[in-house]
Amino acid sequence: MSKALPQQVSITERQETTIENCPDTIGEDLRQADFRQTETNKWVMEQQPIDGDSSRLVAEAVLDGNDLRISVEDVVGIVDLTPRSKLQIQPKIGWDDILTMFLTVHETGHRSVEHHGVPISDFLADDIGIEDLFVVIAVHYLQSLDPLHRYGLYRATERHREDAISSRGRIDIGRSIKNHRMGRPEQHYIINDVTHDTGVHKLIHRAGRELLRLFEQYADRYKRDEYYRVFSRVADEVAHLESLGITSTRQTVADYATTSLADVPAQRREYYRDIVETSKMILSSSTGESVDAGERELQVNCIIDMDQLFEEYTQIVLQEELDALTNGVQYEADVPLSVEQNPSLKPFDDSNRIDHEPDHLLYAGEEPIAVLDTKYYAADDDPTADSYTRSRMFSYGFLLDLRQMAFLTPLAKPRTRSLRSGGKVEVISATDSGSFNVEAYRQAIESYLADAVGEHVTYAEGYDNLLRDVRERLVHKEFNENYVDIDDTDVWNIIADLEVTEGREGWFAYNIMRKIGSSHAPIDYRSLDKRDRNRVQEQLRDLIRNAPDETDYIVPVWVPEEEVEDPDTLVKTDCEHDHDYDQNRMSIIRMYALTATTDERPQLLSQTESALRWRPEKQHRH
């Protein structure tokens with residue numbers, strides 16, 4: 001027995017689901033929802049990117065008897081399944097990370113959001129609320145305003161009349177004579193006022209105001225710089241509208257239902273179309289009130305091509321992390337390092353029409369050193385085990401004569417597989433636990449690049465010693481582990497925790513004292529006379545206070561005396577006791593001073609060393 005489809009069918013991207021006992025009209029219903037029939041029992045929904053000619057497959061529906069099997073691709077959002085049922089395609093990673101990637105890509109000028117109409121009345125009842133997508137919609141709002149800046153805002157003429165001795169405008173002779181016959185000396189003026197404060201512009205202004213309200217309401221949820229930059233741009237647009245005298249009130253949202261493109265001069269309607277529809281969609285979504293009064297329903301433009309978005313975001317991160325290695329103060333590269341997206345590889349000498357395009361190609365100078373492919377795979381998918389994917393990667397390696405290959409994925413388990421012919425294929429991922437976040441993904445790329453270009457990059461003078469000393473000789477009460485085997489990222493995280501607060505230099509020095517001798521240095525501070533403890537702690541405190549003014553972090557390490565060129569020239573503080581120092585009992589403390597930078601890693605400012613000598617243990621008081 002057939003039954004109606006549910007109002008909403010939810011499915012995760014790259015998955016499929018089956019709806020049993022569909023009605024006999026299912027084929028016609030699919031057609032009305034923009035599915036195209038390709039075979040007797042098969043329909044597909046496709047989208048066409050705004051900036052391209054090729055279509056993108058969104059969903060496929062296959063009818064087996066009365067059962068409808070639906071499979072979807074790597075797009076997320078909501079589309080019509082039938083006139084009365086929606087298909088919601090859920091992402092396999094979190095919305096917050098999707099929006100972060102989207103905004104990062106948007107800021108570089110890329111375009112990876114593709115549009116497909118979904119009636120706003122359906123969208124309001126959906127599990128994806130405006131709070132999840134308003135940042136994407138805000139970007140659409142800003143993009144829809146671009147033509148208005150390019151071609152100008154239209155102005156309307158408002159006519160009113162007034163009686164006055166003197167005024168501007170055209171005099172109505174007949175009405176003025178009538179005034180004189182009635183004993184009134186005023187002329188009757190017809191005045192035309194030019195204004196931008198029209199119904200359509202009020203709609204656009206109110207939509208901007210609603211976006212600002214949503215940004216403020218969810219400010220605690222979104223704390224990334226990309227969100228604030230979009231917020232700032234929306235605020236600037238609203239301020240610009242208000243400078244033109246355009247105003248609106250939230251209490252009149254229902255009035256906007258009668259506002260339409262027909263209110264715009266005919267010659268300007270085409271470039272006003274997107275901003276009018278986007279503004280109505282914003283108001284309907286954020287207020288829960290429909291502002292649609294026409295036969296054509298409003299559309300939500302929020303279908304995101306995740307495969308393309310992930311590739312473009314990966315390219316941006318690759319380039320940024322490579323720039324950090326090339327341009328950062330911590331590193332020096334012997335050749336320029338670069339990464340090219342979608343390079344065209346021509347396999348034949350006699351033809352330029354045939355080509356292969358890997359997603360990313362890593363260069364040292366003009367020499368390619370590694371080929372990379374992004375694969376928006378789920379946690380259980382291994383790109384090295386997929387025959388088609390693996391063959392394509394090997395073809396890139398063959399054409400480029402490369403043995404260093406890598407797949408970049410959001411969720412697949414990281415692994416490295418050695419090739420019998422030499423070289424390796426790596427799977428770079430944000431995690432091995434099946435979850436994803438953009439920060440972990442960036443760190444994974446950073447770690448991969450550091451290894452891939454390692455032979456071309458060295459630490460600048462002083463930084464290699466700094467990292468070695470943190471691993472092997474750190475002296476601070478808060479850090480008591482052996483850090484010899486940790487990677488560079490973890491070393492920098494430790495440094496960032498060694499922050500010195502003004503007025504707390506003595507406490508920082510105390511934490512150094514508590515660590516002296518417990519692992520590296522040959523002195524145990526507990527064996528010291530209290531007066532010696534205080535003297536040495538004060539000496540350390542003074543060293544910290546004398547660091548450069550811009551110092552944010554102090555890294556204290558113990559250095560063996562034999563590694564210091566002339567320890568006798570180091571700063572010493574005389575012991576208040578009347579005896580000689582034990583020359584075999586000396587600790588040398590090296591202080592690295594660093595300042596925070598706009599990059600992830602601090603900049604080294606200076607290093608100082610101090611010899612801390614102790615009196616013989618036999619004279620210590622206990």
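**Contacts around Y272**

Guide: In this predicted model, Y272 touches L148, G152, L153, Y154, V200, H201, I204, L261 and V264, when residues up to four places away in sequence are not counted. Y272 also belongs to the largest nonpolar core, which has 118 residues; together with L466 and V555, Y272 touches the most other members. The element that gives the most to this core is helix α4 (residues 130-151), with 10 residues. At least three residues of the core come from domain 3 (307-459), and at least three from domain 4 (462-613). Apart from this core lies another, of 23 residues, which includes L5, I11, V58 and V72.

The next part is a sheet. Three strands make up an open sheet with antiparallel pairing, in the order β10-β12-β11. The edges are taken by β10 (156-164) and β11 (170-171); each has a single partner strand, so one side of each has no neighbour in the sheet. Between β10 and β12 (residues 187-195), which run antiparallel, there are nine bridges.

F407 is in strand β18 (residues 404-409). With a relative accessible area of 1%, F407 falls under the 20% limit and is therefore buried. Neighbours within four places in sequence aside, F407 is in contact with D373, K375, P383, T384, T389, M393, V425, E426, V427 and I428. Y376 is 31 residues from F407 along the chain, and the C-alpha atoms of the two are separated by 9.7 Å.

T551, by contrast, has its place in a loop, the one between α15 (530-545) and β22 (553-559). Its relative accessible area is 16%, and T551 therefore counts as buried, the limit being under 20%. Beyond its neighbours within four places in sequence, T551 is in contact with A593, L594 and L605. A polar atom of the T551 side chain lies 2.7 Å from the backbone oxygen of P548.

Methods. Residues are numbered from 1 along each chain as its sequence is written. This is a predicted model: local features need pLDDT of at least 70, side-chain atom pairs count only at pLDDT 80 or more; totals for chains, interfaces and linings use all residues. Side-chain values use heavy atoms; hydrogens and water are left out. A nonpolar core is a set of buried Ala, Val, Leu, Ile, Met, Phe, Trp, Tyr and Cys residues joined through side-chain atoms within 4.5 Å. Buried means under 20% relative accessible area, exposed over 50%, partly exposed in between (1.4 Å probe, protein chains only). Helices (H or I, at least four residues) and strands (E, at least two) are DSSP runs, numbered from the N terminus. Domain bounds come from an automatic or database domain assignment. Contact means heavy atoms within 4.5 Å. Two strands pair if DSSP finds at least two bridges between them. A polar contact is a pair of N or O atoms within 3.5 Å; within protein, one must be able to donate a hydrogen and the other to accept it, and residues adjacent in sequence count only if both atoms are side-chain atoms.
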